[in-house]
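Biologist: I want to learn to read sheets, surface patches and chain totals from a model. Can we go feature by feature?

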Amino acid sequence: MSAISTRPKRPRFDVNGWLFVGPALALIAIFMVFPILHSLWMSFQSGLGMRLSFAGLKNIYRLFNDPLFLMALTNTFIFFLVQVPVMLTLALITAALLNNPDIKFRGVLRTAIFLPCVTSLVAYTVLFKSMFVANGLVNTVLINLGIVNVGIPWMTDPFWCRVMIIIAITWRWTGYNMIFYLAAMQNIDRSVYEAARIDGVPTWARFVSLTVPMLKPVILFTTVTSTIGTLQLFDEVSTITGGGSAGGAAGPGNSALTLSLYIYNLTFKFAPNLGYAATVSYVIVLLVAILSFLQFYAARERKA
Amino acid sequence: MSDVTLRDVRKSFGAVEIIKGVDLDIKSGEFVVFVGPSGCGKSTLLRMIAGLETITAGDLAIGGDRMNEVDPSQRGIAMVFQSYALYPHMTVRENMGFALRFAGLPKAEIRKQVDEAARILELEPLMDRKPKALSGGQRQRVAIGRAIVRHPKVFLFDEPLSNLDAELRVHMRIEIAKLHRDLGATIIYVTHDQVEAMTLADKIVVLRSGVVEQVGAPLELYDNPANLFVAGFIGSPKMNFLKGVVEGGSAGRADIRLPDFGGAVVPVALKGELPAAGSPVTLGIRPSQFTETGDAALPVTVDMLEHLGSETLIYARSTASDLVTIASQSRSNIAMGDTMIARFPSSGALLFSADGKRIY
């Protein structure tokens, strides 16, 4: 053995190393990899309950002729296209406002805006339900302020039902996203803004041309996570509109039926069709993959 | 006309006064350097001139117009920051042209101005790069370019070279001096580095704890410091301060006894009144003033030697362990631990009273 190669060669298979990661790998394999692969296999099967048989692409054909699936897909896209931009814009603006050192009670305000995402889901949905019923708090306030003459049919009109859901999830998740923006803003060198002030850049332009571009990586991150969250929207539509309860439709005319809720219904509420539910699940996987790719592509670093 | 005048300018943060009444006249085209130790208020004073900090009391005028309440962008100033403060997502060209977009200049004109600044600063090959693809020195040049395109009356530099390595610092120092010569603009420059101050300034303002200690040309401050602080701050290596007691004297001469140096008595030329015998004073001698033929003599022990090639720095101690730095031009064969007699001409020594004021 020469003097140079005194260091032992790293073996391809090191028992000690595998023993350390083995338990974690086993758990991941059993509880993540296997279910993912098995559900992919299930998506090509059909049948009731456990009595599945291979069906090829039948489930995929069924998707295109299933009015409930198309309704859920449309609703999910409406929520995604309206709610994500509204929420992220709102989060960005509140973060910019609460980053201003001249604002009083900043800490209290930040906490207040952040709190919704850590409150109990059940408590908040019960509250929202009671606030948005025909003669609930929201309508009473709107009527008393003279903004509307007749109460808004939050629970009985498809349009307003979707608006209510959007308000609810926006209320819940704006503060969460705001924290990311705030943290990123506090990392921006203050002298950049001072240079802009001296350069005569107006306040709005400092926000649009400096803050927003410098937050691009964080905006991309929140967009992707919010997209995934919205495509998987289940909690609110299930509890507020009663879509999760036995026999209840998700809002008037299933106007708040989302893909996740539909998967739940296919599996646990209707005659259980696990194969078809798995196919719908993979629709979400595909959508998340495509949308995330598009977002990363749109936010890529352009070569000069 | 781009004179800058400050009249009794003050700044307080709550109950704490940071700038305690500064009066200053900066003439058009002058290169003025604010220098002082950290926390002396030099950057705050610069930011007050820029309009990034409000002025608590007093008057600031640029070009004869009162500027206290004027927006930073309307003061006719441009500022270069220590951190460069470049817009990270914009190219060099966009960084330099950004301000002009909001000044309402047509695109062709912006291009012309930016190209002109790029030519002056030799940035042409870098115009389409983003700041992160530039070296520290290049970033600083872009920051200067961003200032130049606005054709300001006054350039403000806030420790612009502090983030650069030593070699680049010397290089950029020369570039900034050249720039001043070529543009002829008024420059106010903040630094804690007295070498930068000495080499760049037409006029140095020495600040300590929010008070101007002395204003003057670099050599004037070096030769005629008004007090102990300025004497110690300007010049490298630092001036030696020796504790002494007035022994006696006559008109125009004071005999100072140095108890820490075996009671050596140094006759110092005196302009003002002779202080009372026995009053404590401080004698100031620059390391370079020591010569072999001086009339005053100090017995010392050599502690450390630094051979710099052009000169040798001798760090020596008195009997009472007071440190004395001696710059020797000759390459003598002194070794550590040797005892020697350090000589200097008494006519060159400076005398300070107990409260730090210069008495000669």
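Biologist: Which strand order does the open sheet of five strands in chain B have, and is its pairing parallel or antiparallel?

Modeller: One caution before that: this is a predicted model. The five strands of chain B run in the order β13-β12-β11-β14-β19, and the pairing is antiparallel.

Biologist: Why is one side of β13 and of β19 of chain B left without a neighbour in the sheet?

Modeller: Look for strands with a single partner. β13 (264–269) and β19 (350–352) of chain B each have just one partner strand and stand at the edges, so one side of each has no neighbour in the sheet. From one strand to the next, the twist averages 40 degrees.

Biologist: Inside that sheet, how many bridges join β11 and β14 of chain B?

Modeller: Six bridges, in the antiparallel sense, between β11 (residues 240–250) and β14 (residues 280–285) of chain B. V245(B) has P280(B) in β14(B) as its bridge partner.

Biologist: Now the open sheet of six strands in chain B: what is its order?

Modeller: Read it as β6-β7-β8-β3-β9-β10 in chain B, with mixed pairing. The edges are β6 (77–80) and β10 (211–216) of chain B; each has a single partner strand, so one side of each lacks a neighbour in the sheet. Here the twist averages 20 degrees between one strand and the next.

Biologist: In which sense do β7 and β8 of chain B pair?

Modeller: Parallel. Five bridges link β7 (residues 154–158) with β8 (residues 186–191) of chain B. One of the pairs to click on is F155(B), whose bridge partner in β8(B) is I187(B).

Biologist: Next, the surface. Which residues make the nonpolar patch on chain A?

Modeller: The patch covers about 1200 Å², and its members include F13(A), W18(A), L19(A), F20(A), M32(A) and L37(A). L19(A) sits in helix α1 (residues 15–42) of chain A. Exposed means over 50% relative accessible area. L19(A) counts as exposed because its value is 60%.

Biologist: How do I sum up chain B, and how many helices and strands does chain B have?

Modeller: Start with the elements: eight helices and 19 strands in chain B. Then take its extent. The C-alpha trace of chain B spans about 75 × 45 × 35 Å along its principal axes.

Biologist: What share of chain B is buried?

Modeller: Of its 360 residues, 51% are buried. The accessible surface of chain B is about 15800 Å², with 51% of that area belonging to carbon and sulfur atoms.

Biologist: And sequence range: what share of the contacts in chain B join residues at least 24 apart?

Modeller: The share is 64%, taken among contacts between residues at least 6 apart in sequence.

Technical notes:
Residues numbered from 1 in each chain as written. Chains lettered and ligands numbered in written order. Predicted model: local features only at pLDDT ≥ 70, side-chain atom pairs only at ≥ 80, totals over all residues. Heavy atoms only, no water. Pairing = 2+ DSSP bridges. Helix = DSSP H or I, 4+ residues; strand = E, 2+ residues; numbered from the N terminus. Axes fitted to C-alpha atoms, helices over the stretch in contact; angles between N-to-C directions. Patch = residues over 30% accessible without salt bridge, like charges linked within 9 Å, V, L, I, M, F, W, Y side chains within 5 Å. Areas by Shrake-Rupley, 256 points an atom, 1.4 Å probe, with all protein chains shown as cover. Salt bridge = Lys/Arg side-chain N within 4 Å of Asp/Glu carboxyl O. Buried < 20%, exposed > 50% of the residue type's maximum accessible area, 1.4 Å probe, protein only. Contact = heavy atoms within 4.5 Å.
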